[in-house]
Amino acid sequence: MIRVGKKYQHLIHGAACGCSNPMLVQASQRLDAFTRRGLLTGAALLAGAAVAPARAQGTRPPIKTLFRQVSLFDGKSSSLQQGAQVLVEGNRIAALETSNNPPQGDWTVIDCGGRMLMPGLIDAHWHTLFAAVPAPTLMTGEPGSIFTASTAEANRTLLRGFTTVRDVGGPVFAFKQAIDAGIIPGPRIFPSGAMITTTGGHGDLRMLSDIPRDPARLSLIESMGAAAIADDVGDLRMRIREQLMQGASQIKLVGGGGVSSPRSPLDMTTFSESDLRAAVAIASDWNTYVTVHAYAPRTVQRAVAAGAACIEHAHLMDEETAGLLAQKGIWLSIQPFLTEADSVPLTGPSRERMLQVFASTPRAYELVRKHGIKTAWGSDLLFSPEMTPRQGVMLTHLGQWYSNAEALRMATAGNAELLALSGPRNPYPGKLGVIEPGALADLLVVNGNLLDDLKLIEQPDRSLAVIMKDGKLYRNSLAS
């Protein structure tokens with residue numbers, strides 16, 4: 001689903017999604033400047049001298065941080081373990097114990113005073129680069145403005161407690177490198193690269209003036225790396241390999257229509273089963289997996305038959321489709337869209353599709369629970385600085401069908417299981433979503449107990465006392 005913030009709705013005409021608006025698509029041609037070299041260079045200039053100290057610290061012994069007097073949620077349990085303490089050494093959890101041994105002199109000590117300590121949150125359906133880039137910024141087409149907006153949003157995402165995201169569509173490779181290098185703050189990113197679609201699929205956001213297609217020239221949406229259009233199996237294989245070559249941790253295929261895209265009804269199906277099988281084979285050769293955007297039962301079933309490991313959305317699935325997902329052990333990455341507050345105003349066919357999805361969401365989750373489908377949670381927020389603060393709200397929506405503990409397990413250890421399907425393509429080897437020795441040190445200290453009141457996460461500035469990612473502190477309001 002693609003949405004645009006309310007204050008920019010006047011820029012959208014009819015049922016078209018924001019990025020298919022002619023002015024916005026025209027502006028996107030300047031995003032070619034987001035090359036690997038250009039983006040990293042711009043990031044370094046913005047960061048200034050801050051880069052050098054980070055490199056110099058690499059020669060020092062690993063910093064040790066002790067979280068004392070915590071009420072521990074380890075990502076897997078249904079209750080808190082009281083009176084625990086957790087030692088972080090470098091970017092890993094070194095020890096977890098309840099004997100409360102005294103700290104050593106060179107340790108940084110954070111006394112949590114009985115507060116909840118938990119793993120960092122994971123959003124399994126996110127679009128990093130354009131999550132909060134508003135329509136006017138896109139219309140300027142200035143890479144510096146777009147980079148600045150995306151950089152600010154990456155930091156806000158992290159400060160909402162989301163230490164990891166799975167990016168399921170967008171030219172995010174260089175941006176991820178900037179975060180990983182410590183040039184800008186932001187979450188870990190599991191990138192898919194360009195959404196791969198057929199002509200007319202949900203990811204085909206070309207203007208009609210781009211038709212008929214010139215085989216010798218990529219469209220603007222393809223040139224910027226947001227989508228790749230493939231109508232034969234040869235092109236499909238090539239586009240998949242291009243994403244993997246750039247560092248994709250998984251491949252995202254658009255198997256059907258979408259809500260806001262102007263010319264892709266929800267009931268349509270794009271790739272043939274043989275095409276999907278070819279895509280799965282390429283991903284398998286690279287020891288990773290394919291996830292497929294699909295709403296309608298036929299689209300979901302075709303993706304499952306072809307060997308897809310994960311389905312995105314599937315809000316319109318029926319009993320037969322739900323049973324198939326459960327029987328085959330396929331992951332479902334679904335978003336709890338409930339009301340029009342979870343989207344922006346749409347008109348025409350797009351609004352009809354939006355209401356269809358919202359009306360189908362409760363039934364979809366009922367089928368998930370009934371059949372025991374392996375389920376991941378994601379927020380799917382895009383193109384709106386007004387919508388991105390609802391990331392935590394989208395998580396609390398799970399309270400309609402899950403206990404608070406179940407929702408937190410899904411957004412931590414559960415989502416981490418889905419990320420682990422990337423195998424050797426995992427850009428961050430190590431366990432995520434759990435607190436145990438050897439796991440990566442992505443940690444949150446909460447003012448309150450999310451197991452009692454999940455809605456605390458809707459106000460992260462108040463609720464999150466400490467935010468640590470990769471062993472580094474990005475917020476610590478408990479410092480003396």
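The model is predicted, so local features need pLDDT of at least 70 and side-chain atom pairs count only at pLDDT 80 or more, while totals for chains, interfaces and linings use all residues. Residues are numbered from 1 along each chain as its sequence is written, and side-chain values use heavy atoms, with hydrogens and water left out.

Two packed helices are described by the angle between their axes and the distance between the axes. Axes are lines fitted to C-alpha atoms, for helices over the stretch in contact, and angles run from 0 to 180 degrees between N-to-C directions. Helices are DSSP runs (H or I, at least four residues), numbered from the N terminus.

Helix 8 (residues 233-246) and helix 9 (residues 273-285) have axes that come within 10 Å and cross at roughly 30 degrees. Helix 8 is therefore roughly parallel to helix 9. Their crossing is right-handed (the near helix is turned clockwise from the far one by less than a right angle). In contact (heavy atoms within 4.5 Å) are Val233, Leu236, Arg237, Ile240, Arg241 and Leu244 of helix 8 with Asp275, Ala278, Ala279 and Ile282 of helix 9.

Helix 10 (residues 297-306) and helix 11 (residues 319-328) pack at an angle of about 20 degrees, and their axes are 10 Å apart. These two helices are therefore roughly parallel to each other. On the side of helix 10, Pro297, Val300, Gln301 and Val304 meet Glu320, Thr321, Leu324, Leu325 and Lys328 of helix 11.

Terms used: Parallel < 35°, antiparallel > 145°, perpendicular 65-115°, else oblique.
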